[in-house]
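Thanks, I'll keep this brief. I'll take the sheet, then the helices, then the cores.

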Amino acid sequence: MVNKKIGLFFGSFNPIHVGHLIIANYMANYTELDEVWFVVSPQNPFKEKKNLGNMYDRLEMVNLAIEGAEKLRVSDIEFSLSQPSYTIDTLIHLAEKYPTREFSLIMGEDNLVGFHKWKNADIILRDYRIIVYPRPGHDGGELKNHPSITMTDTPVMELSSTFVRQAVKAGKSIQFYVPDKVIDFIDKKGLYLR
């Protein structure tokens, strides 16, 4: 049996927006990946926890956003691991749980520049492929020519979750930035108002 190639798109998704969806859809359809899994991180070691929305709300928003998308999935694998979550621990856990899957990382060029600071970065580079999407103002640094790194022509997205949260807080429309079902969820739960 041929191993399914899975791209892991890690993030807080606080909230998920069309930029995330465009990147994931590109990766699932324009690279050799069979599926893209959104891995919702309860806590990123590089981000402050106080700014994070509830992890179950963030997971539900990703579920709502990708409903009906054939090659996109959501994973809560990090919810059961110790926090903050380190990518290497998640990768080892996933490899044990899904031995017939071949996992790659999906990351933005901005993350590639600071990648050497990640826990066990050398092991990740040795054992996994990293598929990189462009970010404005970043060139990927020294790592972009590494044999484990694949640079892509994913459409450039300058939209951020921070922008969306600030818009909600300011009472501005986020239509077209975020899927309608996610907007309804944000409204219903009163998220990002403070």
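Two strands count as paired if DSSP finds at least two bridges between them. Strands are DSSP E runs of at least two residues, helices H or I runs of at least four, numbered from the N terminus. This is a predicted model, where local features need pLDDT of at least 70, side-chain atom pairs count only at pLDDT 80 or more, and totals for chains, interfaces and linings use all residues. Residues are numbered from 1 along each chain as its sequence is written, and side-chain values use heavy atoms, without hydrogens and water.

In β6, T150 is the bridge partner of I131. Strand β5, residues 129-133, runs parallel to β6 and is joined to it by 3 bridges.

What is the order of the 6 strands in the open sheet? It reads β3-β2-β1-β4-β5-β6, with parallel pairing. β3 (72-75) and β6 (149-151) each have a single partner strand, so one side of each lacks a neighbour in the sheet.

Now the helices. Contact means heavy atoms within 4.5 Å. Helix α2, residues 55-66, lies across β2 and β3.

On to the cores. A nonpolar core is a set of buried Ala, Val, Leu, Ile, Met, Phe, Trp, Tyr and Cys residues joined through side-chain atoms within 4.5 Å; buried means under 20% relative accessible area with a 1.4 Å probe, protein chains only. The largest has 38 residues, and F9, I16, M27, V36 and F38 have the most contacts inside it. Helix α2 gives the most to this core, 7 residues. A second, separate core of 23 residues includes F10, F103, I130 and I149.

Note on methods: Axes are lines fitted to C-alpha atoms, for helices over the stretch in contact, and angles run from 0 to 180 degrees between N-to-C directions. Buried means under 20% relative accessible area, exposed over 50%, partly exposed in between (1.4 Å probe, protein chains only).
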